[in-house]
Amino acid sequence: MTDFQATRAMFDLPDGVTYLDGNSLGPLPAAAPERMARAMRGEWGEMLITGWNKAGWMDQPARLGDRIGRLIGAPEGTTVLGDTLSIKVHQALAAALALRPERRVILSDSGNFPSDLYMAQGLVEQLGRGHELRVVAPEEVEAAIDEDVAVTMITEVDYRTGRRHDMPALIAKAHAAGALAIWDLAHSAGAVDVDVAAADTDFAVGCTYKFLNGGPGAPAFIHVAPRLIDEVQPALSGWLGHADPFAFEPGYRPGPAIARMRVGTPPVLAMAALETALDIWDGVDMTDLRAASLALGDRFIAGVEAACPELELATPREHAQRGSQVSFRHPQGYAVMQALIAQGVIGDFRAPDILRFGITPLYLSEGDIDRAVDVLAAILRDKSWDRPEFHARAAVT
Ligand SMILES: *Cc1c(COP(=O)(O)O)cnc(C)c1O
């Protein structure tokens, strides 16, 4: 059994803060500052260029990729780190389209995060071969999979509502139609009991700064099914994805297996911070995490619905259709969230009217959930959210 009291003690959260935004940026692992100092002074400072070999910097993307792989059900050697999630979406999509040259449709849904759709739009333009990005409502994805579809590009958990797709069913449908499947696990990795091997996805991508707690700007990951990886011709053919980077050959040859999805120099310092988060994850069983997340989510929904009748639940109640966040709608959602944050209960807001709360058992207890409900109810009761300072919009919501 996972000891969630022990994991709570491994994070450094400010006093007086109830943090319900781990779905957007996970908190600081308590061991990270010391590990970062060691990476800077002991490795960069002392070892200088020799750190690439001596401190194992060059192997970090594969080593940490395998540790993330365990959390998403990916076999060893099929997941690698680097770049941002938007870049990993581009890589997966370019590879998938090249594997289905006779097809023209990329199928996605309107619940997808805009960057994924933007990356697809940019790639379609760049290829100039008449591809079409077809965006349907989330509940219409299954029916929209037909033999024109080259690839489905779906984010498992909706960033606004927390609605979770039936990933195995949609992948089976895609494969039956001869299409490939890319799954974005931005709100799944470290959040739900996803199993990419059992679901038989072709590609999976995700970020590490949300539920995985890797820190702001921590690198993204990509997983490619072992049955496909040797066929993948990387579109971003950088030197560190080359079969022999230090041969400095004039021509590109893809590296072995998942190593070919690397592009350039890895962000060594950011990965040192991520490593401390993965040390915590090593003690976590994803089945336990999922059960704890659903229990806390149920508690939050019940509490808010009992105390705040003016809020409307935007997240599916049914466990199978829920990720690890709970969202409510309120016409003045932005101001309500600012008033909450001013009281130390931190969630976030997504236009036009969504209050988002990340449910993260690694560092949230039932007491934290109850406190968040109490503060939210008090703010709505006394209408303190309507003060002018809570209506002023900052750049990041
Ligand atoms: C958070 C998120 C992103 C962000 O991409 P970055 O390149 O890391 O900024 C992309 N896609 C989805 C689905 C996300 O949830």
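View 1. A polar side-chain atom of T84 lies 3.2 Å from an oxygen atom of the ligand, a polar contact being a pair of N or O atoms within 3.5 Å. In this predicted model, local features need pLDDT of at least 70 and side-chain atom pairs count only at pLDDT 80 or more, whereas totals for chains, interfaces and linings use all residues. Residues are numbered from 1 along each chain as its sequence is written, and side-chain values use heavy atoms, with hydrogens and water left out. The side chain of D116 places an N or O atom 2.6 Å from a nitrogen atom of the ligand, and an N or O atom in the side chain of K210 is 2.6 Å from an oxygen atom of the ligand.

**View 2. The shell around the ligand.** The residues around the ligand, each with a heavy atom within 4 Å of it, are T84, L85, S86, F113, D116, T155, D184, A186, H187, Y209 and K210. This shell divides into 4 nonpolar, 4 polar and 3 charged residues, where Ala, Val, Leu, Ile, Met, Phe, Trp, Tyr, Cys and Pro count as nonpolar, Asp, Glu, Lys and Arg as charged, and the others, Gly among them, as polar.

**View 3. The protein that surrounds the site.** The secondary structure comes to 14 helices and 15 strands, counted as DSSP runs (helices H or I, at least four residues; strands E, at least two). Along its principal axes, the C-alpha trace of the protein spans about 70 × 55 × 40 Å.

Technical notes:
Polar contact = N/O pair within 3.5 Å; in protein donor to acceptor, adjacent residues only side chain to side chain.
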